[in-house]
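Hi,

Here is the structure I promised to pass on.

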Amino acid sequence: MENTVGKKDKDPKFVHFRGIVKRFGSVTAVEKMDLDIPEGSLVTLLGPSGCGKTTLLRMLAGLEEPTDGDIFVNGKRINDTPIHQRNLGMIFQNYALFPHKSIFDNVAFGLKYRSMPRAQIKEKVKRALEMVRLPGVENRKPAQLSGGQQQRIALARAIVIEPDVLLMDEPLSALDENLREDMRREVDNLQRMLGVTTIFVTHDQREALSMSDKIVVMRDGLTLQEGAPEEVYNRPANHFVADFLGHSNFLPGEIVDQDEENIRVKIETGDVLLAKQRGAWKKGDAVEIVVRAQRFEVHRKKDFAPDEGMNHFAGRIKDRSYMGGEVSYFIELPSEREIHVISMMRTHTYDYGDDVSVQVSPYHCHLITAE
Ligand SMILES: Nc1ncnc2c1ncn2[C@@H]1O[C@H](COP(=O)(O)OP(=O)(O)O)[C@@H](O)[C@H]1O
Ligand SMILES: [Mg+2]
């Protein structure tokens, strides 16, 4: 018998895009998207400018009509539901508060159409302002608040209506670096506290990695990969995703053979590297080995003795920049390919022209098909 005690199960398809296409004349903004947003989760749409993120949100919001496909929220098809009946909270990059209205009127805006008693509106506004940690600012005007505070007001305005879905389109990108970090945590905490299903759009990988339950990496109106942050970061499905998230190196090579433990890949330098990755590879397949810049170890060549089971190859320091806690190196391989290494400073810093040995674990060599 099923356990029916406790909370009802979360709907894994609380928001469901099915075969969504959007064309503007000859421009295809969204090519064909199938996407599920689980109830209560925070899902990030990540991708370069112009890949269709905003268009996808606008279709959910009712600001654009899909050319093809269906959108469901909480089991109901909403393609033909008017904007004001969709019950969505929205926050965009330029906070778009009404400058001449008080903070109270700004936050209460979405409630006024719900024929709610004034006392109840006041209580809800008060609670929303407390949630964004700006209690008591009801009578001020937006211009009397800082940029970060205004963005928190926008957040209060979006959550005060208790939306089914919270839509955020690059809400932090207008803020400066430090403030952004604070706001990122603010959004993250608030989302968890309220448990509101949230779609967050960004082109900033750090934002996406740090706050998402699921990341959807997009390019040219298509999903290239979706998964938990660890999944997308550690097991990128293709070159674009690997390149877009993190500092990735690509070593082109060819599959030599594989056994129970390792796949062996011959790279341009003639070195054969091991990768711990099962897959449908066969001898002769053209692949790229993806290695994060932080995963390489650099050693002085002349007294280097490789560790058991580790990959290693020779290189020469071409460039280095000291960055405080770490050193960034560009190292040229005998094949003239350069790799980027970010090294946590230990005892030694290498200089331009130094001959080095570079070591990397097979566990940190991730294979993708060469494009
Ligand atoms: N109203 C519009 N008219 C014509 N083209 C548009 C319109 N809105 C978006 N586009 C185009 O659709 C593509 C996706 O845009 P957008 O969804 O804004 O991307 P993103 O938010 O990922 O930067 C771009 O090529 C953009 O120029
Ligand atoms: Mg956009």
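**Charged pairs and cores**

Glu162 is partly exposed, at 48% relative accessibility (buried means under 20% relative accessible area, exposed over 50%, and partly exposed in between, with a 1.4 Å probe and protein chains only). Before I go on, please note that this is a predicted model, in which local features need pLDDT of at least 70 and side-chain atom pairs count only at pLDDT 80 or more, while totals for chains, interfaces and linings use all residues. Residues are numbered from 1 along each chain as its sequence is written, chains are lettered from A and ligands numbered from 1 in the order in which they are written, and side-chain values use heavy atoms, leaving out hydrogens and water.

Glu162 forms a salt bridge with Lys124 at 2.9 Å, N to O (the criterion is a side-chain nitrogen of Lys or Arg within 4 Å of a carboxyl oxygen of Asp or Glu). The pair links distant parts of the chain, 38 residues apart: Glu162 sits in the loop between α4 and β7, and Lys124 in helix α3 (helices are DSSP runs of H or I with at least four residues, strands are runs of E with at least two, and both are numbered from the N terminus). Lys124 is buried, at 15%.

The whole structure has 26 salt bridges. Another joins Asp204 to Arg206 (3.6 Å, N to O), and Asp204 is buried, with a relative accessible area of 11%. Lys318 and Glu332 pair at 4.0 Å, N to O, linking strand β16 (residues 311–322) to strand β17 (residues 326–332). Through shared partners, salt bridges also connect Glu177, Arg180, Asp204, Arg206 and Glu207 in one network.

Back in the loop between α4 and β7 you will also find Pro163, which is buried at 11% relative accessible area. Beyond its neighbours within four places in sequence, Pro163 is in contact with Asn87, Leu88, Gly89, Ala158 and Val196 (contact means heavy atoms within 4.5 Å).

Now for the nonpolar cores (sets of buried Ala, Val, Leu, Ile, Met, Phe, Trp, Tyr and Cys residues joined through side-chain atoms within 4.5 Å). The largest has 34 residues, and those with the most contacts inside it are Val107, Val125, Leu129, Ile153 and Leu155. Its largest share, six residues, comes from α4. Apart from this core lies another of 27 residues, including Tyr329 and Cys365.

Finally, seven of the nine residues of helix α1 (residues 53–61) are buried, and just after α1, Gly62 has a positive phi of about 95 degrees.

Best wishes
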